[in-house]
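Here is a short tour of a few local features. Look over the sequence and the model before reading on.

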Amino acid sequence: MGVKTDQSSEYNKYAYICLLCSVVVNIFFSYNLFVSKNWSLSWSTNAAAEAEAVASISCSGHGRAYLDGVVVDGKPVCECNTCYDGPDCSNYILDCPSDVNSGDPLFLEPFWMQNAASSALVVSGWHRMSYSFGDHTFNSQELEKSIRKLHSIAGNAVTEGRYIVFGTGSTQLLNAAVHAFSLDNSSTPSKVVVSIPFYPAYELQTEFFATEEYEFYGDTSLCKNNSEDSMNVIEFVTSPNNPDGKLKKAVLNGPFAKAIHDHAYNWPHFTAIPSPSDEDLMIFTLSKLTGHAGVRFGWALIKDKDIYERMSTYTNDNTFGVSRDSQLRALKLMKVVLEGDGRSIFNYAYETMRKRWESLSQTVSLSTRFTIQEIAPSFCTFFQNVRGPSPAYAWLKCEREEDELCYQVLEAGGILGRDGTLFGAGSQYVRLSLIKSQDDFDQLIQHLNKLVLQEAGSTRADI
């Protein structure tokens, strides 16, 4: 009996020593992995070096080289901004038109260059190879947490009691919302409407994906004139509006009216935030928050569980959710945005857009031929003061009768905007993008100044 007791005691002592050694080894490796300055990179070294090497390629400040760009002689070449060419983008092309058509948010590129280290991302080759996350969903829980925290800081939307659906950009979510609302209606198709001027994708997408459940109907006024109380309608409400930057509310309020609130530009750098938006369905996009349009990530905040489930089914069946790589990139960018007090990107972006608007307004103020929309200063809860306008676009109007085809007038003057007829408005309007690169904006002002000077010269000649 004494022998067995001694053996048991020896075994317990051995087990204790093994356990202690295991703890020590784990502490050692954890220290070296997360704390020790002597720890060094292994498999990620080459990837990091490659990324920095490409980022350091000089494109004269008028272009960029990219890891996935065209390779010549084993080296990625510069992709030049509009009106620049040459191996290093140093050659300015004379008489080159200013391209301010698209909503490419490149104005935020300098911010991310200033935050190069914190926004960089290295991913293993085996990262998220599965269709789903560990909880068998298609959505990152950490990304959802970051989104809720971000809205709390910006003060632009209520997230409490809301479900969140991720989409491949806000574009996918727009039609997912139309689909979800249309299933509520009777045998007659829902009429999809929007107030003029409106973002062209509403009409294009609705017509492209049209089913027996819905159809594009046109301007909201058509429903006001046709007994809205008995008509199933789905209204797009864009606030701030694209193209004119105005804050909007739903026009239709009947018992069969549903509203999709597109808040792509509802951030402190584009508009004063009067209060958190508290609508039933609100859609946002990463592209107009951080500038990363190519990541293709958007999200919807939804109050009703049935609508949430229908939109989730739509995106899940359509694309198996959003790319895991896109979600990882979005999460990394969100973490940078939320660093410190979470105000850095908004301060930078607002100052950039404010200065651009003031510069454009000063130029247009010298003209009687052209006008742009008026946006009054208003109190912003984010900045806690009355702030001036800083819209993403200028909604320019040609005032002369002979300039009815305004797009052609500007094109002849070296400015390529977006024709107002694409927004359901008259041909005397043109949208000018103010969110592209600094080169694009400088060229816009340069060509617009020439048109205003020509106008002044013409006036003197008439006298």
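Thr159 is buried, because its relative accessible area is 13% (buried means under 20%, exposed over 50%, partly exposed in between, with a 1.4 Å probe and protein chains only). Thr159 sits in the loop between α5 (141-154) and β8 (163-167). Helices (H or I, at least four residues) and strands (E, at least two) are DSSP runs, numbered from the N terminus. Beyond neighbours within four places in sequence, Thr159 contacts Arg148, His151 and Leu301; contact means heavy atoms within 4.5 Å.

This is a predicted model: local features need pLDDT of at least 70, side-chain atom pairs count only at pLDDT 80 or more, and totals for chains, interfaces and linings use all residues. Residues are numbered from 1 along each chain as its sequence is written, and side-chain values use heavy atoms, with hydrogens and water left out.

Now the backbone. Most residues other than glycine have a negative phi, and most peptide bonds are trans.

Arg128 lies in the loop between α4 (116-119) and α5. Gln384 is in the loop between β16 (378-380) and β17 (385-387).

Which form does the peptide bond from Ile196 to Pro197 take? That bond is cis, with omega near -5°. Pro197 belongs to the loop between β9 (190-194) and α7 (201-208). Ser239 and Pro240 are also joined by a cis peptide bond, with omega about -5°. The loop between β11 (233-238) and β12 (257-262) holds Pro240.
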